[in-house]
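The following note sets out a number of points on the model under review. Please read them alongside the sequence and the coordinates.

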Amino acid sequence: LLKTIRNAWSNSKRHLWCNGKDISWSHLVKLYHLNRSSQAPGLAMIPKLKYEHICLTSYSKMRVDLAAQVLSSSVANGIRLTQGKEAEETARYAEMFDKFFDCLNISNSLDGKRSRNVFKNPYRSPSDFRLKWSEEELLKYFDSWKTSVQKREGYQDAKAAQNMMMLPLETRQGITITVKSFVEMVEYIFTIPDVEVFYSNKLCQDSLENFFGQQRQRGRTHENPNASQFLKNTQALRVINSTCGTIRGNCRGFSNKDAKQIYLDNENTPLQKRTKKSMKKS
């Protein structure tokens, strides 16, 4: 969902519009150039904002990390600071989905304290304020967006043009289903005895994606293994490659960057040559 939200924003064929103002990718591009032209060398307002965030390729469009870094509160604050009220809806767009991502990406109890962001704190109650925020703020944001587009002068009867001013219908439906399902699931989890805390990151399916990515690597050009080949590959992964994820992919494969670097460094490193022992002449 996060990638489709970012891709809709960057799509030149879509002209996102809400409450009388554009939600434009050009606001982010302008922020990037202002960020690069900082008068203090070595310093930047948003250090993580790079060229790869702005000029998307077919591969970078599939990277979740780039989408998450663009749809962030730091980008929203930077747009507000540099471009004012003209880009307010763009900043709000990035800010809303940053909070949405934080709600679904809680992995420990320390991130919220370190970043002073209450949206990153673990869930400890079925009446958590973020559940109410998701239903009353996030979903109503789409309703108010749709209403403002339908009331825009000159576009009341142009359904096709109205659709191009909003996120794709499939994306909006996906967000609605995700929010309602997540809220219902969290409320159910806290009815289970002895459950005191819940980390939403544990629902992430990256581990499953990485496993099938490893299966594809084992199969190489053979992409349709039968049951016995699948079991054979699984056993090989357990023994040989149980700690390594896919090298290229759009999900998180390594929690330890050093382990990934060691793997990549050693992958193409030739074995050391054995030293030949000189034969002593008798």
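How many helices and strands does the secondary structure of the protein come to?

1. Overall make-up. The secondary structure comes to 13 helices and two strands, where helices (H or I, at least four residues) and strands (E, at least two) are DSSP runs numbered from the N terminus. The model is predicted: local features need pLDDT of at least 70, side-chain atom pairs count only at pLDDT 80 or more, and totals for chains, interfaces and linings use all residues. Residues are numbered from 1 along each chain as its sequence is written, and side-chain values use heavy atoms, with hydrogens and water left out.

2. Burial and surface. Of the 282 residues of the protein, 34% count as buried; buried means under 20% relative accessible area, exposed over 50%, and partly exposed in between (1.4 Å probe, protein chains only). The accessible surface comes to about 18800 Å², and 52% of this area belongs to carbon and sulfur atoms. Accessible areas come from the Shrake-Rupley method with a 1.4 Å probe, and for residues only the protein chains shown count as cover. Among contacts (heavy atoms within 4.5 Å) between residues at least 6 apart in sequence, 62% join residues at least 24 apart.

3. Helix H1. The buried residues of helix H1 (residues 2-10) are Leu2, Lys3, Ile5, Arg6, Ala8 and Trp9. Their cover includes H2, helix H4 (64-70), H6 and H10.

4. Salt bridges. A salt bridge is taken as a side-chain nitrogen of Lys or Arg within 4 Å of a carboxyl oxygen of Asp or Glu, and by this rule the count comes to six. Glu52, Arg63 and Asp65 are linked in a network of such bridges. Aspartate 65 counts as partly exposed at 34% relative accessibility, as does arginine 63 at 22%.

5. The pair between H5 and H6. Arginine 80 and glutamate 95 meet through their side chains in a salt bridge (3.0 Å, N to O). This pair links distant parts of the chain, with arginine 80 in helix H5 (residues 73-83) and glutamate 95 in helix H6 (residues 88-103), 15 residues apart. Arginine 80 is partly exposed, with a relative accessible area of 25%, and glutamate 95 is partly exposed at 23%.

6. A pair inside H6. Arginine 92 forms a salt bridge with glutamate 89, with 4.0 Å between the closest N and O atoms. Both residues lie in helix H6, three residues apart, about one turn of the helix. An α-helix has 3.6 residues a turn, so residues three or four places apart point the same way. Is glutamate 89 buried or exposed? Glutamate 89 is buried, with a relative accessible area of 7%, whereas arginine 92 is partly exposed at 27%.

7. Negative patch. Glu135, Glu136, Glu137, Glu184 and Glu187 form a negative surface patch. Helix H8 (129-150) and helix H10 (169-189) are the elements that give two or more residues to the patch, and H8 contributes the largest share, three residues. Patches are made of residues with over 30% relative accessible area and no salt bridge, with like charges joined within 9 Å and nonpolar side chains (Val, Leu, Ile, Met, Phe, Trp, Tyr) within 5 Å. Lys and Arg count as positive and Asp and Glu as negative, while His and the chain ends are not counted; the charge is placed at NZ of Lys, CZ of Arg, CG of Asp or CD of Glu. Glutamate 137, found in helix H8, is partly exposed with a relative accessible area of 45%.

8. Backbone points to check. Most residues other than glycine have a negative phi, and most peptide bonds are trans. Asparagine 19, although not a glycine, has a positive phi of about 50°; asparagine 19 lies in the loop between strand E1 (17-18) and strand E2 (21-22) and is partly exposed at 40%. Arginine 116 likewise has a positive phi, of about 55°. Arginine 116 is placed in the loop between helix H7 (111-115) and H8 and counts as exposed at 81% relative accessibility.

9. Two further residues. Lysine 48 lies in the loop between helix H2 (25-36) and helix H3 (51-54) and is exposed, with a relative accessible area of 58%. Leaving aside neighbours within four places in sequence, lysine 48 is in contact with His53 and Gln69. Threonine 234, in helix H12 (residues 227-239), is buried at 12% relative accessible area. Not counting residues up to four places away in sequence, threonine 234 touches Phe211 and Gln215.
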